[in-house]
Amino acid sequence: MKILSVVLKEVIHMEFTDRWAKSGNENIHYLESTHNDHPLTPLIYVPGALNYAEQPVGLLREFEPRKWFSMSLRGRGKSDGPGSGYALKNHVRDIEAVVVHSQLRDYCLLAYSMGVPYAIKFASKSPGIKGLILCDYPAKYPAIPESWAERILSRGYIQKEKEHAVTGIQRESQSTDLCPELKEIRVPVLVIKGGTADSLLTEADTGLYRENLQSVKIAQLAESGHVLWEPDREKFLQVIKEFLGELDRLS
């Protein structure tokens, strides 16, 4: 059993490497896959509200040998959790820190849930991006109610030393319309939405993507809610793989 444990740790280590980027005074943790097929567009994952870098590894490995990156924004995972600095702009700086540190250009940004507004804001000012995938969230940043933080903290799965990050995200949130930022994005965009009542992306919100983006494809997964990879994981992956393939063929 001990030998098997050592072998597994070695295999995992070979699959991806821990990296750290500096966002202001904060250390931002991200994972970098050891695969690097240069003709393929690299993929950078921006997680949802309280998610962290290690969670989507199983999905991201499905895109190998494409190189991929996955980050933990401030206050999540292994990243630093400052006492304040959880506004939209701070999270955008975290994405920028990872991109700059990884020295990437011509990459695709994949954002899920509340990572979507962070990615939109970043992509609107980033000249090195090649494509953008936005998963089941509208083009706006919400003013988060106190009840959200209370509900999260009551569940008891947030580490005690990171609880202030939850209240910080809530307290520093401000309602922000990001349609003006959509108009600034010039690269191809894939928007994926769930088809059930559990989806967080309404038809009206989807219409705003169509109206404001220069190049956009909308993919609806009819049987999925907000968790787009359930119940049909392969369908979710295929939609993304097809879009990435289109990016690969761009000069």
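Which elements cover the buried residues of α8? The cover includes α4 (115-123), β6 (129-135), β7 (140-141), α7 (179-184), β9 (189-194) and β10 (216-221). The points below start from the whole chain and return to this helix.

1. Basis of the note. The model is predicted, so local features need pLDDT of at least 70 and side-chain atom pairs count only at pLDDT 80 or more, while totals for chains, interfaces and linings use all residues. Residues are numbered from 1 along each chain as its sequence is written, and side-chain values use heavy atoms, with hydrogens and water left out.

2. Overall form. The protein chain has 9 helices and 10 strands; helices (H or I, at least four residues) and strands (E, at least two) are DSSP runs numbered from the N terminus. The radius of gyration is 18 Å, close to the 18 Å of the globule rule for 251 residues, so the chain is as compact as a globular protein of that length. This radius is taken over C-alpha atoms, and the rule is 2.2 Å times the number of residues to the power 0.38. Along the principal axes, the C-alpha atoms fill a box of roughly 55 × 45 × 35 Å.

3. Of the 251 residues, 52% are buried, where buried means under 20% relative accessible area (1.4 Å probe, protein chains only). Among contacts (heavy atoms within 4.5 Å) with a separation of 6 or more, 71% join residues 24 or more positions apart.

4. Helix α8. This helix spans residues 203-212, and its buried residues are Asp 205, Thr 206, Gly 207, Tyr 209 and Asn 212.

5. Ser 70. This residue is found in strand β4 (residues 68-71) and is buried, with a relative accessible area of 0%. A polar atom of its side chain lies 2.8 Å from the backbone oxygen of Ala 53. Not counting residues up to four places away in sequence, Ser 70 touches Tyr 30, Leu 31, Tyr 45, Ala 53, Pro 56 and Leu 60.

6. Leu 73. The loop between β4 and α3 (88-102) holds Leu 73, which is buried at a relative accessible area of 0%. Beyond its neighbours within four places in sequence, Leu 73 is in contact with residues including Val 46, Pro 47, His 91 and Tyr 118.

7. Ser 124. Located in the loop between α4 and β6, Ser 124 counts as buried at 9% relative accessibility. A polar atom of its side chain lies 2.8 Å from the backbone oxygen of Lys 121. With neighbours within four places in sequence left aside, Ser 124 is in contact with Glu 181, Glu 184 and Ile 185.

8. Backbone geometry. Most residues other than glycine have a negative phi, and most peptide bonds are trans. The peptide bond from Glu 64 to Pro 65 is cis, with omega near 15°, and Pro 65 lies in the loop between α2 (57-60) and β4. A cis peptide bond also joins Glu 230 and Pro 231, with omega about 5°; Pro 231 lies in the loop between β10 and α9 (233-248).

9. Positive phi. Ser 113, in the loop between β5 (107-112) and α4, has a positive phi near 55° and is buried at 10% relative accessible area. Asp 136, in the loop between β6 and β7, has a positive phi near 55° and is buried at 0%.

Conventions: Buried < 20%, exposed > 50% of the residue type's maximum accessible area, 1.4 Å probe, protein only. Polar contact = N/O pair within 3.5 Å; in protein donor to acceptor, adjacent residues only side chain to side chain.
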